[in-house]
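My notes follow in the order in which I looked.

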Amino acid sequence: MSQWGPTARLSYWAFHADRRPAYMRFAYLHLGSDRGAEQAVDAAFDTIMAEWLRMLHMDRLDAYAWTVLKRCIVDRQHPRDPWRHRPEPMDTSAFEAALREARADRYEVLTDTIRFYSAVSRLVERQRDAVLLRYGLRCTPGEAAAVMGVDEATVRSHLGQAHRRLARLLDTSAGS
């Protein structure tokens, strides 16, 4: 980085400051711990930094960075030690949602949340990312698009497809 020009340095740190909060929330959703999320995001930004000068010439810099982040999350989800278990996002999110819901029947909230996250896990990757960013992290479609490095219309399309697929999956699983 010391050999970069001031514009490249400034653009990298602006990108870092803009994306890090959303990347951390997304990584936490997948990894279930602050430590795991921080390690994944730090690894992603290390890779991005190493590739930054090349990335500046890409049409979809954000999309490439998103791919790097997702690869770093997968690396943390599947550690080299096969005996070590890490919680999946559904392991913790469902319980947290049940605890937040004070007025509703906690068992019902928990089972509905587990069913929902189970259905979300069956979506294709881009649809799942859009749903998690939009509803899990409460990003607007525009914010989700910026994080994923795609057009807002693409996120809206992924969300529409996900809604239809989730409706079918949840309708099918309700009858089981």
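I began with helix 3 (residues 61-77), whose 17 residues reach 25 Å from the first C-alpha to the last, close to the 24 Å expected at 1.5 Å a residue; the expected span is 1.5 Å times one less than the number of residues. Helices here are DSSP runs of H or I of at least four residues, numbered from the N terminus.

The model is predicted, so I kept in mind that local features need pLDDT of at least 70 and side-chain atom pairs pLDDT 80 or more, while totals for chains, interfaces and linings use all residues. Residues are numbered from 1 along each chain as its sequence is written, and side-chain values use heavy atoms, without hydrogens and water.

I then looked up burial (under 20% relative accessible area with a 1.4 Å probe, protein chains only; exposed is over 50%, partly exposed in between). The buried residues of helix 3 include W66, L69 and I73, and what covers the buried residues includes helix 1, helix 2 (34-55), helix 6 and helix 7 (141-148).

Next I took helix 1 (residues 6-31) and helix 6 (residues 125-136), whose axes come within 11 Å and cross at roughly 110°. That makes helix 1 roughly perpendicular to helix 6 (65 to 115 degrees). The contact (heavy atoms within 4.5 Å) is made by F26, L29 and H30 of helix 1 and D129, L132 and L133 of helix 6.

Last, I checked R138, found in the loop between helix 6 and helix 7, which has a positive phi of about 60° although it is not a glycine. At 73% relative accessibility, R138 counts as exposed.

Notes: Axes fitted to C-alpha atoms, helices over the stretch in contact; angles between N-to-C directions. Helix = DSSP H or I, 4+ residues; strand = E, 2+ residues; numbered from the N terminus. Parallel < 35°, antiparallel > 145°, perpendicular 65-115°, else oblique.
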